[in-house]
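Me: Can you walk me through this fold? Keep it short, please.
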Amino acid sequence: VTAAVRAVMPDSMPLFVRISASDWSEGGWSIEESCQLSGELKGLGVDLIDTSSGGNVHNAKITVGPGYQVHFAEAIKDATKSATGLNVSSVGMITDPHQADEIISTGKADAVMMGREFLRNPRWPLAAAETLGATIEWPRQLARGKK
């Protein structure tokens, strides 16, 4: 599937693949297998592995908390260092700008993907920039409403 998708995409368009890095069950899919898969996906032209986990095994015991999946992204990033150009993103209850900044600035992941937090606060990137003291351009659609 990955090769077929990459074959019809322009070279200038990045290909992201989201994986479940672990199914959180003994004897099930593991982070080691995800590290191997990620290297193989890079060889097929994948530019970024979006690292999530769980959801595949009923009643899996998952300890949930802020950043609880970051270690999976970090493990894949470490294991695929030689796969030049492969980026890794993390997810999992990342809601605070300082938390997201720490994940990226320490090299645990190259990007942070957010879903539920953006649903709660679509203005999150602008608020995060303010919190971190960064200046970013407002989206054109929102610029007229800028304070």
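Reply: Start with a term: a nonpolar core is a set of buried Ala, Val, Leu, Ile, Met, Phe, Trp, Tyr and Cys residues joined through side-chain atoms within 4.5 Å. Buried means under 20% relative accessible area, exposed over 50%, partly exposed in between (1.4 Å probe, protein chains only). This is a predicted model, where local features need pLDDT of at least 70, side-chain atom pairs count only at pLDDT 80 or more, and totals for chains, interfaces and linings use all residues. Residues are numbered from 1 along each chain as its sequence is written, and side-chain values use heavy atoms, with hydrogens and water left out.

Me: How many residues are in the largest nonpolar core, and which have the most contacts inside it?
Reply: The largest nonpolar core has 25 residues, and V46 and I76 have the most contacts inside it. β1, α2, α3, α4 (97-105) and α6 (124-132) each supply at least two of its residues. Helices (H or I, at least four residues) and strands (E, at least two) are DSSP runs, numbered from the N terminus.

Me: Which helix gives the largest share of this core?
Reply: α3, with 4 residues.

Me: What does V46 touch?
Reply: Leaving out residues up to four places away in sequence, V46 touches T2, L15, V17, L41 and L86. Contact means heavy atoms within 4.5 Å.

Me: T2, then. Buried or exposed?
Reply: T2 is buried, at 16% relative accessibility. T2 sits in helix α1. The C-alpha atoms of T2 and L15 are 8.9 Å apart.

Me: And R6, where is that?
Reply: R6 is also in helix α1 (residues 2-8). R6 is buried, with a relative accessible area of 14%.

Me: What is close to its side chain?
Reply: A polar atom of the R6 side chain lies 3.3 Å from the backbone oxygen of G45. Beyond neighbours within four places in sequence, R6 contacts include D11, M13, P14 and D47.

Me: New topic. What order do the strands come in?
Reply: 4 strands form an open, parallel sheet in the order β1-β2-β3-β4. Two strands pair if DSSP finds at least two bridges between them. β1 (16-20) and β4 (111-112) are at the edges with a single partner strand each, so one side of each has no neighbour in the sheet.

Me: How many bridges join β1 to β2?
Reply: 5 bridges, with β2 covering residues 48-52. S20 stands opposite S52 in β2.

Definitions and conventions:
Polar contact = N/O pair within 3.5 Å; in protein donor to acceptor, adjacent residues only side chain to side chain.
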